Amino acid sequence: HELGLAKEYYQQALKTNPSFTTALFHLGLALYYEGKRDSAHALWQRVLRLDPNYDKARQALEQLR
């Protein structure tokens, strides 16, 4: 239930600003914890395209394979 609410908040934030890397990263985490690894990885790769210095996204991609 909490993951669903979190996803809604992140998706609303992304409607306002599609390049909001923090929301993209955390939406990826929520998807990952739901078992949607491919979707999570795609979001984290998008974060890194927008901000190559976003270390949390890089670490997530390396650690959560």
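1. K7, E34 and K36 are joined in a network of salt bridges, a salt bridge being a side-chain nitrogen of Lys or Arg within 4 Å of a carboxyl oxygen of Asp or Glu. The model is a predicted one, in which local features need pLDDT of at least 70 and side-chain atom pairs count only at pLDDT 80 or more, while totals for chains, interfaces and linings use all residues. Residues are numbered from 1 along each chain as its sequence is written, and side-chain values use heavy atoms, with hydrogens and water left out.

2. The structure holds 2 salt bridges. In one of them E34 pairs with K7, with the closest N and O atoms 2.9 Å apart; E34 lies in the loop between α2 (21-33) and α3 and K7 in helix α1, so this pair ties together parts that are 27 residues apart in sequence. K36 also forms a salt bridge with E34, and here the closest N and O atoms are 3.4 Å apart.

3. With residues up to four places away in sequence not counted, K7 touches L27, A30, L31, E34 and K36, contact meaning heavy atoms within 4.5 Å.

4. As to confidence, the protein chain averages a pLDDT of 96, and 100% of the residues score at least 70; pLDDT is the predictor's confidence in each residue, from 0 to 100. Among the elements of the chain, helix α1 (residues 2-16) has the lowest mean pLDDT, 95, whereas helix α3 (residues 37-50) has the highest, 98. Helices (H or I, at least four residues) and strands (E, at least two) are DSSP runs, numbered from the N terminus.

5. Which residues of the largest nonpolar core touch the most other members? Of its 16 residues, these are F25, W44, V47, Y54 and A57, a nonpolar core being a set of buried Ala, Val, Leu, Ile, Met, Phe, Trp, Tyr and Cys residues joined through side-chain atoms within 4.5 Å. Helices α2, α3 and α4 each supply at least two residues of this core, and α2 gives the most to it, with 6 residues. In soluble globular proteins, nonpolar side chains tend to be buried together.

6. Two residues illustrate the packing between these parts of the chain. V47, leaving aside its neighbours within four places in sequence, is in contact with T21, L24, F25, Y54 and A57. T21, which is found in helix α2, counts as buried at 15% relative accessibility, and, with residues up to four places away in sequence not counted, T21 touches V47, L50, D51 and Y54.

7. The buried residues of helix α4 (residues 55-63) are A57, A60 and L61. Seen down the axis of α4, these residues fall within an arc of 95 degrees, so they line one face of the helix; the arc is that of the directions from the helix axis to the C-beta atoms. What covers the buried residues of α4 includes α2 and α3.

8. A search of the whole structure finds 4 aromatic pairs, where rings of Phe, Tyr and Trp (its six-membered ring) pair if their centres lie within 6.5 Å, and planes under 30 degrees apart count as stacked, over 60 as edge-to-face and the rest as tilted. F25 and Y54 form a tilted pair, at 5.6 Å centre to centre and with 40 degrees between the planes. This pair links distant parts of the chain, with F25 in helix α2 and Y54 in the loop between α3 and α4, 29 residues apart. F25 is buried, with a relative accessible area of 6%, and Y54, at 13% relative accessibility, also counts as buried.

9. The rings of Y32 and Y33 have their centres 5.7 Å apart and their planes at 80 degrees, so this pair is edge-to-face. Y32 is buried, with a relative accessible area of 17%, whereas Y33 is exposed, at 57%. Ring pairs link F25, Y32, Y33, W44 and Y54 into a cluster.

Note on methods:
Buried means under 20% relative accessible area, exposed over 50%, partly exposed in between (1.4 Å probe, protein chains only).
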